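The sequence and the structure come next.

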Amino acid sequence: MIIVLKSGATEEQISHIVDKAQKLGLKANISRGVEKTVIGLIGPEDVLRVTPLEVFPGVEQVIPVLAPYKLVSREFQPKNTVIKIKDGIEIGGTKIAMIAGPCAVENYEGLRRIAKFVKAAGCNILRGGAFKPRTSPYDFQGLGEEGLKYLKEVGQEFDMATVTEVMDSRDIDLVSKYVDVLQIGARNMQNFSLLKGVGATYKPVILKRGISATVKEWLMSAEYILANGNFNVMLCERGIRTFETMTRNTLDINAVPLVKQLSHLPILVDPSHATGRWGLINSVSKAAVAAGCDGLLVEVHDNPEEALSDGPQSLVPKNFENLIKDLKRIADAVDRTI
Ligand code: PEP
Ligand code: MN
């Protein structure tokens with residue numbers, strides 16, 4: 001249930017509604033927009049139905065949200081959410097965010113070289129995994145805290161925001177100390193204790209779509225994070241598993257405009273995991289920008305042959321530079337910038 005308040009609604013009126021809701025056992029989330037303030041009420045449907053919230057002072061309209069995801073829905077918040085990642089870096093506005101870096105942080109020098117390249121190409125958000133969700137327990141699992149330290153140091157040197165995956169709720173505090181954005185990987189999309197854990201922080205979160213998750217399940221996972229108080233969530237389409245085996249996954253391009261219709265949250269696309277092939281990244285990224293994504297997450301490595309993970313899908317710096325050049329033209333055509 002969404003309660004839209006009158007433009008002049010006072011703080012007392014807002015508190016009155018929130019107090020009443022809490023007495024009824026409902027959870028209230030206040031979203032203060034420039035034009036309107038809305039209160040999202042979550043709780044048992046029968047309580048919501050019989051409570052005449054329309055008569056409360058300051059209330060303009062009461063809108064039942066039919067979708068199972070409430071706070072995530074466009075009904076709850078019609079305008080796009082713009083997330084501040086760091087001073088001067090936002091995601092969800094006119095500018096399309098470029099997030100780039102190696103699949104895994106392998107060593108300090110390598111990360112520094114790649115960061116220097118991508119920054120020079122115009123990217124100001126650095127990615128790199130320190131805790132890697134590998135299919136095989138015998139593959140490189142990431143450098144852990146050492147990798148986080150490198151990310152922080154290199155991010156500071158090049159004035160870039162940083163993104164890394166957190167795989168375990170026990171690591172949330174540790175990872176939050178070092179990076180600007182927490183990534184929830186595809187394999188953890190329905191790790192509900194992890195979702196609640198990142199929901200209890202104020203860190204921006206990139207929530208990747210699960211390998212076989214429907215859009216509804218994905219939005220419900222995002223709802224867990226918002227329902228726990230953190231509204232700084234970006235969704236990331238990273239390809240889903242289909243019958244096709246020539247590519248690592250299949251990019252569900254439909255998801256981009258669909259999520260835009262259903263939700264106010266920014267939507268990113270990861271063409272690297274979606275395709276698994278560096279030779280497809282340029283075309284697929286152009287399609288994603290044309291479809292309306294708010295950002296791209298791209299794996300870059302200066303020696304893919306020797307990469308400890310995901311070499312075949314990593315762009316070399318020159319190709320990353322070309323990608324940004326090509327995307328500028330597409331962005332321009334859809335009234336965005338890069
Ligand atoms: C990654 O971004 O390195 C990663 C492991 O992605 P995903 O969770 O989408 O597989
Ligand atoms: Mn990877």
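## A salt bridge within one helix

Glu-321 and Lys-318 form a salt bridge through their side chains, with 3.3 Å from N to O. The model is a predicted one. Both residues belong to helix H11, where they sit 3 residues apart, about one turn of the helix. Glu-321 is partly exposed at 33% relative accessibility, and Lys-318 is also partly exposed, with a relative accessible area of 47%.

The structure holds 13 salt bridges. One of them joins the side chains of Glu-157 and Arg-112, at 2.6 Å from N to O. Glu-157 lies in helix H4 (residues 145-157) and Arg-112 in helix H3 (residues 108-120), so this pair ties together parts that are 45 residues apart in sequence. Glu-157 has a relative accessible area of 38% and is partly exposed; Arg-112, at 23%, counts as partly exposed too.

Another salt bridge connects the side chains of Asp-310 and Arg-248, with an N to O distance of 3.0 Å. Here both partners are in loops: Asp-310 is between strand E14 (295-299) and helix H11 (317-333), while Arg-248 is between strand E12 (233-237) and helix H8 (255-262). The two residues are 62 residues apart, and the pair links distant parts of the chain. Asp-310 has a relative accessible area of 17%, under the 20% limit, so Asp-310 counts as buried. Arg-248, in contrast, is partly exposed at 38%.

Salt bridges also occur as a network, which links Arg-209, Glu-237 and Asp-252.

## The surroundings of the ligand

Ligand 1 is surrounded by 13 residues, and the closest are Arg-127, Lys-132, Ala-186, Arg-187 and Arg-238. By type, the shell consists of 7 charged, 3 polar and 3 nonpolar residues.

Oxygen atoms of ligand 1 take part in several polar contacts. A polar atom in the side chain of Arg-238 is 2.6 Å from a ligand oxygen. Ala-186 contributes a backbone N or O atom, which lies 2.8 Å from an oxygen of ligand 1. In the side chain of Glu-299, an N or O atom is 3.5 Å from an oxygen atom of the ligand. On its own, ligand 1 has 300 Å² of accessible area, and the protein covers 97% of it.

## Domains

The chain is divided into domain 1, residues 2-63, and domain 2, residues 83-333. The centres of the two domains, taken over C-alpha atoms, are separated by 35 Å.

Terms used
Residues are numbered from 1 along each chain as its sequence is written. Chains are lettered from A and ligands numbered from 1 in the order in which they are written. This is a predicted model: local features need pLDDT of at least 70, side-chain atom pairs count only at pLDDT 80 or more; totals for chains, interfaces and linings use all residues. Side-chain values use heavy atoms; hydrogens and water are left out. A residue is near a molecule or strand if one of its heavy atoms lies within 4 Å of it. A polar contact is a pair of N or O atoms within 3.5 Å; within protein, one must be able to donate a hydrogen and the other to accept it, and residues adjacent in sequence count only if both atoms are side-chain atoms. Accessible areas come from the Shrake-Rupley method with a 1.4 Å probe; for residues, only the protein chains shown count as cover. Ala, Val, Leu, Ile, Met, Phe, Trp, Tyr, Cys and Pro count as nonpolar, Asp, Glu, Lys and Arg as charged, and the others, Gly among them, as polar. Domain bounds come from an automatic or database domain assignment. A salt bridge is a side-chain nitrogen of Lys or Arg within 4 Å of a carboxyl oxygen of Asp or Glu. Helices (H or I, at least four residues) and strands (E, at least two) are DSSP runs, numbered from the N terminus. Buried means under 20% relative accessible area, exposed over 50%, partly exposed in between (1.4 Å probe, protein chains only).
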